[in-house]
Amino acid sequence: MSRPLFVLHEHDRPQHHFDLRLEEDGVLRSWAVPRGLPTDSRHDRLAVPVDDHELEHATYEDDDKRIADDGWWELEDRNDRRSVFVLHGRDGARRYALIDTGSDALLHLVRDQPG
């Protein structure tokens with residue numbers, strides 16, 4: 001069984017932002033993350049759910065969109081409001097929590113990181 005992929009797209013239009021995409025159930029589940037992935041566990045980032053994309057979109061780039069990071073991801077824990085997962089990207093592994101706020105979500109860098 002292959003590992004599910006992730007991609008972080010960096011967009012220049014309509015304004016600068018990032019899209020986090022996680023492969024699940026044959027599609028790329030996607031969230032717009034205006035300020036990018038959090039780099040400090042004290043500062044969460046807004047993550048706005050957007051439409052799912054086809055898997056082929058994982059490698060898509062154009063003049064206004066490029067791949068900022070990619071690799072595979074693993075789900076560690078999930079309940080109705082929170083998913084904890086590890087992104088295995090170009091520069092190593094980072095553990096995040098995606099927390100459903102009811103309308104949007106918050107992306108949190110977990111203090112306990114993979115060793």
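Strands, like helices, are named here from DSSP runs numbered from the N terminus, a helix being a run of H or I of at least four residues and a strand a run of E of at least two. The structure is a predicted model, in which local features need pLDDT of at least 70 and side-chain atom pairs count only at pLDDT 80 or more, while totals for chains, interfaces and linings use all residues. Residues are numbered from 1 along each chain as its sequence is written, and side-chain values use heavy atoms, with hydrogens and water left out.

View 1. Two strands are said to pair if DSSP finds at least two bridges between them. Strand β1 (residues 5-11) pairs with β2 in the antiparallel sense over 6 bridges, and V7 has R21 of β2 as its bridge partner. The hairpin that β1 and β2 form has 5 residues between them. Strand β3 (residues 27-33) also pairs with β2 in the antiparallel sense, over 7 bridges, and the bridge partner of L20 in β3 is W31. The hairpin of β2 and β3 has 2 residues between the strands, and in this hairpin D25 takes a positive phi near 55°.

View 2. A residue is called buried under 20% relative accessible area, exposed over 50% and partly exposed in between, with a 1.4 Å probe and protein chains only. Because 6 of the 8 residues of β2 (residues 17-24) are buried, this strand is largely enclosed by the rest of the structure. D19 is found in β2, and its relative accessibility is 7%, so D19 counts as buried. Leaving aside neighbours within four places in sequence, D19 is in contact (heavy atoms within 4.5 Å) with V7, L8, H9, H11, W31 and A32. A polar contact is a pair of N or O atoms within 3.5 Å, where, within protein, one must be able to donate a hydrogen and the other to accept it, and residues adjacent in sequence count only if both atoms are side-chain atoms. The side chain of D19 makes such contacts with the side chain of H11 at 2.8 Å and with the side chain of R21 at 2.9 Å.

**View 3. Strands that contribute to the lining of the largest pocket.** The lining receives at least two residues from each of β2, β3, β5 (65-78), β6 (82-89) and β7 (92-100). By class, this lining has 9 nonpolar residues (Ala, Val, Leu, Ile, Met, Phe, Trp, Tyr, Cys and Pro), 7 charged residues (Asp, Glu, Lys and Arg) and 2 polar residues (the others, Gly among them).
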